Amino acid sequence: MNTLSFITWNPSLEVFSIGAFSMRWYSLMWLIGLALAYLMVRWLYQKQNIPNEKFEPLFIYCFLGILIGARLGHCIFYQPDYFLTSWKGFVEMLLPIKITANSWHMTGYQGLASHGGTLGLILALLLYVRQLKVPVWTVLDNIAIATGITACCIRIGNLMNSEIVGKVTDESLPWAFWFVQNDGPQNIVLRHPGQLYEAIAYALLFLLMVILYKKMPQRVGTGFYFGLCLAYIFTFRFFIEYFKEVQEAFEQGLPFDMGQILSVPFIIIGIYYMIKGWKKTNILNAGNK
């Protein structure tokens, strides 16, 4: 096999370690993604003259909503037979630990689902709106504009972890990856870099959102950007599943995997609010003429 025709992927999982503490690439990319979204939404709030005291609590709502939703989404949708059938699984669902026969150790949250994270974020933002008295669609649209950059960083984290790998391909694909940590160092298995496909798609979403916002800032508050974000991400997520390995054994043989099934409601909701927001803006513009 020509080793120049594919990419050997075997990075260290850790960025650095100091004593017992180590920083993993996945955790770092999550933090970078959230930080970039924080800066983006802060800029949007300033542009829209929303008081700073209403912005400051937003980060903690988003962080907890995404983390709790993503964790519960993975455990409930993908591994209910493990996490919901014993006290040990239930504890591990809530705490970032692994329980063994005689002890336990920290593992971090190994298993986060984007569908659950999206739902958790939306619920957290509704709580934020209720407490801070900010217009709900203004908040949802602003978060949607920044979402792409965070999603991009998370998928880069998955790539660094050699997880959520793509399906097997061959040397005819010049950017095929050999995920050494996933498939082992003995046999070369070439795969689609599904994580990289998603990262690129979400980076393009972020660029699209920024361009549209600069051209149509008046659509913030109509639900248009919220709808576009959901429709774009989960339509892409539906089709990218054809290039990714199934994550759980029960998905084998199903016409659609769990990721595709969970994407459909988000796509429908996204298209609905995108169209509704577009029409609402057109009506408001007509009324101002």
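Q: In this predicted model, is Gln260 buried or exposed?
A: Let's start by finding the residue: Gln260 sits in helix H11. Its relative accessible area is 3%, and the cut-off for a buried residue is under 20%. Gln260 is therefore buried.

Q: Which residues does Gln260 contact, leaving aside its neighbours within four places in sequence?
A: Gln260 belongs to helix H11, so we look for partners beyond its sequence neighbours, with contact meaning heavy atoms within 4.5 Å. With neighbours within four places left out, the partners of Gln260 are Phe238, Glu241, Tyr242 and Pro255.

Q: Is Ile269 buried, partly exposed or exposed?
A: Ile269 is found in helix H11. Buried residues have under 20% relative accessible area and exposed ones over 50%. Because Ile269 has 38%, it is partly exposed.

Q: How many Å apart in space are Ile269 and Leu230, C-alpha to C-alpha?
A: Along the sequence, 39 residues separate Ile269 and Leu230. In space, going from C-alpha to C-alpha, Ile269 and Leu230 are separated by 7.5 Å.

Q: How many Å apart in space are Val129 and His105, C-alpha to C-alpha?
A: Val129 has its place in helix H6. In sequence, Val129 and His105 are 24 residues apart. Their C-alpha to C-alpha separation in space is 38 Å.

Q: Is Val129 buried or exposed, and which residues does it touch, not counting those up to four places away in sequence?
A: The relative accessible area of Val129 is 14%, so Val129 is buried. Not counting residues up to four places away in sequence, Val129 touches Val134, Val136 and Val139.

Q: Are H7 and H9 roughly parallel or roughly antiparallel?
A: The axes of H7 and H9 are 8 Å apart, and the packing angle is about 165°. Angles over 145 degrees count as roughly antiparallel. H7 is therefore placed relative to H9 as roughly antiparallel.

Q: How many nonpolar residues are in the contact of H7 with H9?
A: H7 brings residues including Ala144, Ile149 and Leu159, while H9 brings residues including Leu196, Phe206 and Tyr213. Sorted by kind, this contact has two charged residues and three polar ones, and its nonpolar residues number 16.

Q: Is the crossing of H9 and H10 left-handed or right-handed?
A: The axes of H9 and H10 come within 11 Å and cross at roughly 160°. That angle makes H9 roughly antiparallel to H10. The crossing of H7 and H9 is left-handed, whereas the crossing of H9 and H10 is right-handed.

Q: Are H7 and H10 roughly parallel or roughly antiparallel?
A: H7 and H10 have axes 7 Å apart and pack at an angle of about 30°. Their contact includes Trp137 and Leu140 of H7, and Phe224 and Tyr225 of H10. Since angles under 35 degrees count as roughly parallel, the answer for H7 and H10 is roughly parallel.

Q: What is the phi of Asn49?
A: Most residues other than glycine have a negative phi. Asn49 lies in the loop between H1 and helix H2 (52-55), and at 70% relative accessibility Asn49 is exposed. Asn49 is not a glycine, yet its phi is positive, near 60°.

Q: What is the phi of Ile164?
A: Ile164 is in the loop between H7 and strand S6 (177-179). Its relative accessibility of 21% means that Ile164 counts as partly exposed. Although Ile164 is not a glycine, its phi is positive, at about 55°.

Note on methods
Residues numbered from 1 in each chain as written. Predicted model: local features only at pLDDT ≥ 70, side-chain atom pairs only at ≥ 80, totals over all residues. Heavy atoms only, no water. Axes fitted to C-alpha atoms, helices over the stretch in contact; angles between N-to-C directions. Helix = DSSP H or I, 4+ residues; strand = E, 2+ residues; numbered from the N terminus. Parallel < 35°, antiparallel > 145°, perpendicular 65-115°, else oblique. Left-handed = near helix turned anticlockwise from the far one by under 90°. Nonpolar A, V, L, I, M, F, W, Y, C, P; charged D, E, K, R; others polar. Buried < 20%, exposed > 50% of the residue type's maximum accessible area, 1.4 Å probe, protein only.
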